[in-house]
Amino acid sequence: MEDDTDIYGGLDETLHKLDAGQQAIEMKAKDDELEVTKKKLADTEQELKKVSDLKNVLMKNISCLYKTAKMEIQRKDEQIAQLRAQLQAQQDRSRPPAGSTENPSSTTSNTRR
């Protein structure tokens, strides 16, 4: 009793259809995943640009602050030197000449007597 009917005859074709359907589902899932990943990448690149721009602004600001502080220190140093010179000049004027034998405290004592 041999039957010419092959009960497995359409099995390969059915398996290919199922396999193609499964591949299409998997492909759709991968495409969706790719789109999500592209969106995350675009968001990350946008955030990176914002942070980079902010960094550049902050670097410029800190550079300006540093230069300003440096100039202010130089100005204060010059002012201190000028004030020291003025103080020294006042002290020099209030001192008696080097060859003088007069003691300022003894002259005030003599005038009171």
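**Along helix α1**

Glu 72 and Arg 75 lie three residues apart in helix α1, which means about one helical turn separates them. Their side chains form a salt bridge, with the closest N and O atoms 2.6 Å apart. By salt bridge I mean a side-chain nitrogen of Lys or Arg within 4 Å of a carboxyl oxygen of Asp or Glu. Glu 72 is partly exposed at 34% relative accessibility, and Arg 75 is partly exposed at 41%. On those words: buried is under 20% relative accessible area, exposed is over 50%, and partly exposed is in between, with a 1.4 Å probe and protein chains only.

Before I go on, this is a predicted model: local features need pLDDT of at least 70, side-chain atom pairs count only at pLDDT 80 or more, and totals for chains, interfaces and linings use all residues. Residues are numbered from 1 along each chain as its sequence is written, and side-chain values use heavy atoms, with hydrogens and water left out.

The protein chain has two helices and zero strands. These are DSSP runs numbered from the N terminus, H or I of at least four residues for helices and E of at least two for strands. Of its 113 residues, 0% count as buried. The chain exposes about 11100 Å², and carbon and sulfur atoms supply 58% of that; accessible areas come from the Shrake-Rupley method with a 1.4 Å probe, and for residues only the protein chains shown count as cover.

Back to the charges. How many salt bridges does a search of the whole structure find? Five. One of them joins Asp 32 to Lys 28, with the closest N and O atoms at 2.9 Å. These two are four residues apart in helix α1, so about one helical turn lies between them. Asp 32 is partly exposed, at 37%. Arg 95 and Asp 92 also form a salt bridge, at 3.5 Å from N to O, and Asp 92 is partly exposed at 41%.

Last, the nonpolar side. Met 59, Ile 62 and Leu 65 make a nonpolar surface patch of about 330 Å². Patch residues have over 30% relative accessible area and no salt bridge; like charges are joined within 9 Å, and nonpolar side chains (Val, Leu, Ile, Met, Phe, Trp, Tyr) within 5 Å. Leu 65 belongs to helix α1, residues 11-94, and is exposed at 55%.
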